[in-house]
2 protein chains.
Amino acid sequence: MHAISLQPPYLIFLGDESRRTYAKTGAGLVDWRRQLCAGQFRLSADAADLGLPDMSIEEAVAAGVKSLIIGTAPVGGALPASWQPALVAAAGAGLDIVAGLHTRLADNPGLSAAATSSGARLVDIRVPPAELPVATGKKRSGLRLLTVGTDCALGKKYTALQLERDMRSAGLDADFRASGQTGIMIAGRGIPLDAVVSDFLSGAAELLSPDNGPGHWDVIEGQGGIFHPAYAPVSHGLLLGSQPDAFVVCHEAGREQISGWEHYPVPSIEDVIARTVAVGSMTNRNIRCVGVSINSSTLPATERGAYLAALARRYDLPCVDPLVEGTGAIVDHLVQQFQP
Amino acid sequence: MHAISLQPPYLIFLGDESRRTYAKTGAGLVDWRRQLCAGQFRLSADAADLGLPDMSIEEAVAAGVKSLIIGTAPVGGALPASWQPALVAAAGAGLDIVAGLHTRLADNPGLSAAATSSGARLVDIRVPPAELPVATGKKRSGLRLLTVGTDCALGKKYTALQLERDMRSAGLDADFRASGQTGIMIAGRGIPLDAVVSDFLSGAAELLSPDNGPGHWDVIEGQGGIFHPAYAPVSHGLLLGSQPDAFVVCHEAGREQISGWEHYPVPSIEDVIARTVAVGSMTNRNIRCVGVSINSSTLPATERGAYLAALARRYDLPCVDPLVEGTGAIVDHLVQQFQP
């Protein structure tokens with residue numbers, strides 16, 4: 001397996017960041033993988049509190065922690081000098097250091113020396129694994145669901161994680177597969193597809209959901225949007241390499257322009273379904289849409305129900321806001337569609 | 001301009017390679033850019049002869065040569081030891097060294113030291129420029145034609161070069177734009193799109209054909225194939241970023257399976273036209289197919305005419321084998337379609 005892989009349990013490092021919005025990686029880990037988080041390390045009492053036990057490096061080592069994960073995004077993306085002593089101590093004590101910074105951990109001499117002496121790994125989540133293969137296009141065993149979107153940043157990762165949770169609750173064998181940085185932190189493994197060299201994009205996507213048992217579902221985090229003027233190639237490669245049997249379209253109610261590309265309209269859900277089937281059927285002829293996931297946070301609460309009901313009638317598919325009612329209705333439909 | 005850029009005139013380095021098929025980069029340069037090739041440098045009398053004047057490094061410098069281009073592919077992709085003295089002498093004399101090897105020229109200490117002392121550049125054609133932008137999706141001035149294909153390696157580069165030649169003969173202002181290694185050697189500039197990180201693929205394609213005069217044509221070398229199981233994302237990104245007004249479909253007569261992916265059929269020309277219009281219209285609504293370019297080398301000479309005539313009737317488009325009759329018929333059609 002060439003994908004990035006993290007070793008739990010984790011100590012979540014929060015530095016001196018008091019704004020919880022900047023600590024969203026750490027918060028995501030607690031939301032979705034609480035059982036892997038042994039404790040938190042804060043440099044000041046003002047730092048964001050994720051509700052985990054506060055631990056020193058020594059206490060974390062004694063508790064069996066294997067990795068320190070930087071759970072907050074420093075301004076500018078580089079390692080603040082105030083973080084250095086704690087991180088060097090952790091690496092020196094043998095903890096893997098995991099980060100998604102703009103600068104590479106290995107380029108920090110103190111950290112690099114400490115990790116070399118203890119044998120700890122410095123894991124940069126932004127860096128794809130070396131020696132990725134070119135796609136084979138060969139069908140793999142097991143079942144796959146991909147979340148796709150009408151745009152970026154509207155809930156593809158969240159929907160996939162909620163689907164994994166609800167599928168497991170329904171007794172299905174399901175694993176979330178991460179294709180972006182925050183997702184990789186949460187899953188503890190994955191490949192940052194947007195950083196992969198183009199020739200190996202579909203090959204990396206194939207590697208992300210390898211052969212599996214016949215009833216097993218990989219729930220793959222989508223990227224970009226198939227109608228996005230800049231990121232469509234990433235969406236295209238992920239779709240071809242994932243060979244999904246099923247997909248869920250994610251959309252934000254009321255979003256009309258591609259965020260950051262305001263001269264481009266958000267495509268209709270119909271168009272995303274049709275293009276996803278057209279492209280996806282190249283590598284899996286049985287691909288089908290199994291639901292629509294709506295980020296309805298922009299709607300008045302009183303309009304939400306009618307909005308979802310109208311979509312459900314139009315597409316004859318379950319339409320949910322995963323934050324509000326979960327994805328159970330989509331899972332029920334999926335089970336029905338893929339009965340052995 | 002961030003793209004790779006070579007300085008002519010050139011000295012073509014052929015080493016001791018006697019097989020002309022291995023010297024195809026050098027042969028391509030002589031075929032398409034004879035006026036930029038001042039001479040050839042051969043390590044032995046048995047080496048392939050491109051018909052250029054043989055020159056020593058000293059003679060090349062005296063003749064005003066600015067770059068030594070490695071015009072042959074060494075077995076294994078690394079720099080043979082027997083080449084080292086001549087290349088070090090050339091770099092030391094101030095000639096840029098240009099190569100598309102698997103190993104980086106700058107990783108060769110002798111070459112690196114010689115280039116540093118003289119100020120010569122070591123140009124690796126396989127390495128994309130740093131700091132490529134994300135695509136904007138904004139329309140650029142000027143006109144663009146992209147060659148697309150039913151598969152890889154069937155004439156997209158050759159067709160684009162012949163189109164440039166025939167468009168110039170017809171009095172049009174046209175420039176070939178290279179997106180792959182051999183094309184970059186010939187054009188003296190370009191971006192190796194298959195080596196670009198996925199997030200910047202469409203942005204690199206935008207950079208490849210910048211704003212230009214209203215009647216100017218960029219003739220862009222296509223990559224991969226929009227129905228290729230591994231390389232479709234590259235084709236997709238190049239199509240979105242190129243924003244072509246016109247495209248030519250390239251196909252090899254009789255090829256039925258994707259080369260190297262024999263479980264995938266070659267798509268029909270109809271399907272390639274339809275999908276190229278569907279995807280390309282995202283960034284240019286006026287995109288249209290203006291011709292079909294056939295590699296007919298697999299057909300008996302007696303069947304060629306009937307084959308092309310049948311295709312021309314079916315698509316109502318000029319269909320040519322560019323090696324046999326050139327692309328003049330496509331240029332005539334293009335002029336008619338894009339009359340001011």
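My entries follow, grouped by what I looked up.

**Ground rules.** I number residues from 1 along each chain as its sequence is written, and chains are lettered from A in the order in which they are written. This is a predicted model, where local features need pLDDT of at least 70, side-chain atom pairs count only at pLDDT 80 or more, and totals for chains, interfaces and linings use all residues.

**Confidence.** I checked pLDDT, which is the predictor's confidence in each residue, from 0 to 100. Chain A averages 95, and 99% of the residues score at least 70.

How many residues of domain 1 of chain A are in contact with domain 2 of chain A? I got 12 residues of domain 1 in contact with 10 residues of domain 2. Contact here means that the C-beta atoms of two residues, placed from the backbone, lie within 7 Å. On the domain 1 side, strand S1 (4–5) and helix H1 (24–33) of chain A each supply at least two residues. H1(A) has the largest share, with five residues. My helices (H or I, at least four residues) and strands (E, at least two) are DSSP runs, numbered from the N terminus. By class, that side has seven nonpolar, four polar and one charged residue. For the classes, Ala, Val, Leu, Ile, Met, Phe, Trp, Tyr, Cys and Pro count as nonpolar, Asp, Glu, Lys and Arg as charged, and the others, Gly among them, as polar.

**Where the chains meet.** I found 28 residues of chain B in contact with 29 residues of chain A. On the chain B side, helix H7 (201–208), H8 and strand S13 (261–265) of chain B each give at least two residues. H8(B) gives the most, six residues. That side of chain B has 18 nonpolar, eight polar and two charged residues.

**Helix H7 of chain A.** Why is H7(A) largely enclosed by the rest of the structure? Seven of its eight residues (201–208) are buried, so the rest of the structure largely encloses it. Buried means 20 or more other C-beta atoms within 10 Å of a residue's own, exposed means 12 or fewer, and partly exposed is in between, with C-beta atoms placed from the backbone. The buried set includes A:Leu201, A:Glu206 and A:Leu208. I then traced what the buried residues pack against: strands S8 (174–177), S9 (189–190) and S10 (217–220) and helix H8 (232–242) of chain A, together with helix H8 (232–242) of chain B.

Most residues other than glycine have a negative phi, and most peptide bonds are trans. I still found a cis bond from A:Pro8 to A:Pro9, with omega near -5 degrees. A:Pro9 sits in the loop between S1 and strand S2 (10–15) of chain A. In chain B, a cis bond joins B:Pro8 and B:Pro9, with omega about -5 degrees.

Next I looked at phi. A:Gln243 has a positive phi near 50 degrees and lies in the loop between H8 and strand S11 (246–252) of chain A. A:Asp316 also has a positive phi, about 55 degrees, in the loop between helix H10 (301–315) and strand S15 (319–320) of chain A.

Are they buried or exposed? A:Gln243 is buried because 25 other C-beta atoms lie within 10 Å, whereas A:Asp316 is exposed, with 6.
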